[in-house]
Amino acid sequence: MRVYKFEAFTSDIVKNIRDGVYKPGHKLPSVRDLKKQYHTSISTIQNGYEHLIILGLVISIPKSGYYVATLSNPKKENILQNTPVVRDAIFEKNVELITSSRGRKKLIEFNVATPGDLIISQKLLLRTMQQIIREKGAGLLRYYPTNGSEDLKTNIIKHAAGYQTRINPQELLITDGALQALYIALSAVCDAGDVVAVESPCVFSILEVIRVLHLKVIEVPVDLMNGFDADFFKKACQKNKIKAVIITPNFHNPTGILLSDEVKRELVKVIQQHNVAVIENDIYGDLNFSGNRPSTLRSYDDSGLVMTYSSYAKTLAPGIRLGWLAAGKFLKQAEQIKFSMGSTVSPIYQETVNRLLDTNSYDRHIRAFRMQLAKNAHFTINLLSTHFPQGTFIVPPAGGYNIWVKMPDHVDMNNFYNQCERIGVKFTPGYIFSFSAMFASNFRIVFADKYSSLKIKALELMGEAVS
């Protein structure tokens with residue numbers, strides 16, 4: 001079995017917790033104290049504490065430190081098995097999990113899942129904003145309708161109809177981005193302690209919302225050929241009271257996998273049979289590399305159980321903080337939660353997106369954007385295949401802008417991230433995509449910007465460093 005550097009001190013802490021030396025609520029030694037005591041690096045200590053957090057033995061309190069979690073019966077590490085496991089959603093963001101290169105002027109980022117400055121339509125967006133400001137003037141300084149501009153909602157509904165997704169104007173809420181839409185949807189159907197199902201691997205932002213809402217999770221494996229494991233999910237529904245499932249059927253983050261229409265239909269049957277709310281993340285749905293724009297789960301649902309959300313931060317620019325939520329049968333609760341979080345979304349963003357949708361400028365932009373992303377994906381896969389060690393496993397994405405990579409078993413991942421630090425490259429480590437310890441050998445790479453010679457060289461150096 002592989003031994004990690006941090007086990008030198010985590011094994012001592014685990015023993016003290018189980019022997020009762022460290023009791024629930026006990027403040028644990030600081031990172032710097034452990035660094036001196038065990039003669040190791042700060043990053044190793046932080047990785048060790050993150051490992052203990054994943055096991056549910058330790059919690060992190062920002063600006064305070066690490067403490068023993070309140071557990072009546074601490075258990076040994078569990079990995080995802082073929083039977084559903086309910087875990088407490090204890091997850092604390094740790095900046096060091098995303099390889100940091102503080103102080104470097106030239107930083108090569110492959111970890112930020114947003115379109116880069118060189119690939120977004122800056123001229124189109126700025127020109128449209130200027131037109132809106134000239135036309136609307138001081139009207140943009142007033143509150144807009146609580147649930148969003150009616151014209152904008154009409155255009156969103158028309159766009160959705162193009163891929164057979166029916167949205168009732170009355171159920172549509174305009175939100176301050178996709179993450180707010182997710183928070184509203186989860187809050188509308190769940191109370192603290194309820195169980196939700198998530199994909200595994202699952203993007204960090206979703207896990208963080210779950211943690212904040214004090215929910216419990218069942219991790220459903222994402223098969224690297226077929227995507228979300230519908231059979232596993234069905235079994236989980238039979239054995240647990242699952243209130244909601246959060247799923248990205250179109251170009252899942254981080255794997256880029258597209259669920260087939262057959263699996264989508266099967267999932268809708270399961271949720272209707274067990275009365276489980278679906279929170280469908282469709283933020284990458286417009287970014288298909290080939291064929292027609294894929295369908296949504298909602299297009300197969302007539303029960304109102306499917307809530308679909310999306311945003312324009314991934315398709316236009318990260319600064320366009322505008323999303324939407326089709327709340328289905330949960331509109332009443334969602335509307336109240338939305339109002340409590342702020343009565344309106346930025347009028348300039350609403351009017352800008354509405355103009356782009358109304359004039360077909362959005363569709364023209366998406367066609368060019370998808371083509372560029374497809375080229376980037378192909379180019380990135382070639383770079384990884386050429387320069388990374390033999391046995392590196394790459395999942396070719398069907399759309400979006402993420403690639404999921406698994407390193408060969410012989411690669412020391414601590415050394416890999418140390419090399420990232422030295423060269424000045426940032427990837428997203430695989431182990432932050434789960435509440436379990438499943439993906440330590442994986443990382444995500446984002447290709448949503450044009451390649452410079454510097455970025456190409458950085459990937460070549462990373463491959464050579466670990467080969």
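The structure is a predicted model, in which local features need pLDDT of at least 70 and side-chain atom pairs count only at pLDDT 80 or more, while totals for chains, interfaces and linings use all residues. Residues are numbered from 1 along each chain as its sequence is written, and side-chain values use heavy atoms, with hydrogens and water left out.

The structure holds 4 cavities of 30 Å³ or more; a cavity is a set of points, on a 1 Å grid over the protein atoms alone, where a 1.4 Å probe fits but cannot get out. The largest cavity has a volume of about 60 Å³, a volume being the space filled by probe spheres set on the points. Its lining, made of residues with an atom within 4 Å of a point, includes I156, H159, Y163, D282 and R293. Helix α5 (150–161) and strand β11 (306–311) are the elements that give two or more residues to this lining; helices (H or I, at least four residues) and strands (E, at least two) are DSSP runs. The lining divides into 5 nonpolar, 3 polar and 3 charged residues. Two of the lining residues, R293 and Y163, also meet directly: R293 lies over the face of Y163, at 3.5 Å from the ring centre. For such a contact, CZ of Arg or NZ of Lys must be within 6 Å of the ring centre and within 35 degrees of the ring normal.

The aromatic rings come next. A pair of aromatic rings is described by the distance of the centres and the angle of the planes. The whole structure contains 18 aromatic pairs, with centres within 6.5 Å; planes under 30 degrees apart count as stacked, over 60 as edge-to-face and the rest as tilted. The rings of F388 and F443 have centres 6.2 Å apart and planes at 40°, so this pair is tilted. F388 lies in the loop between α12 (361–387) and β13 (393–395), and F443 lies in strand β17 (residues 442–446), 55 residues apart. F388 has 5% relative accessibility and therefore counts as buried (under 20% relative accessible area, with a 1.4 Å probe and protein chains only). F443, at 0%, also counts as buried.

A second pair, W404 and F439, is edge-to-face, with 5.7 Å from centre to centre and 70° between the planes. Both W404 and F439 are buried.

Finally, F388 and F443 belong to one aromatic cluster, whose members also include F110, F379 and Y451. K455 lies over the face of Y451, at 5.4 Å from the ring centre.

Notes
1 Å grid on protein atoms, 1.4 Å probe; cavity = no way out; pocket = protein on both sides within 12 Å on 5 of 7 lines; lining within 4 Å. Nonpolar A, V, L, I, M, F, W, Y, C, P; charged D, E, K, R; others polar. Phe/Tyr/Trp six-rings, centres within 6.5 Å; stacked < 30°, edge-to-face > 60°. Buried < 20%, exposed > 50% of the residue type's maximum accessible area, 1.4 Å probe, protein only.
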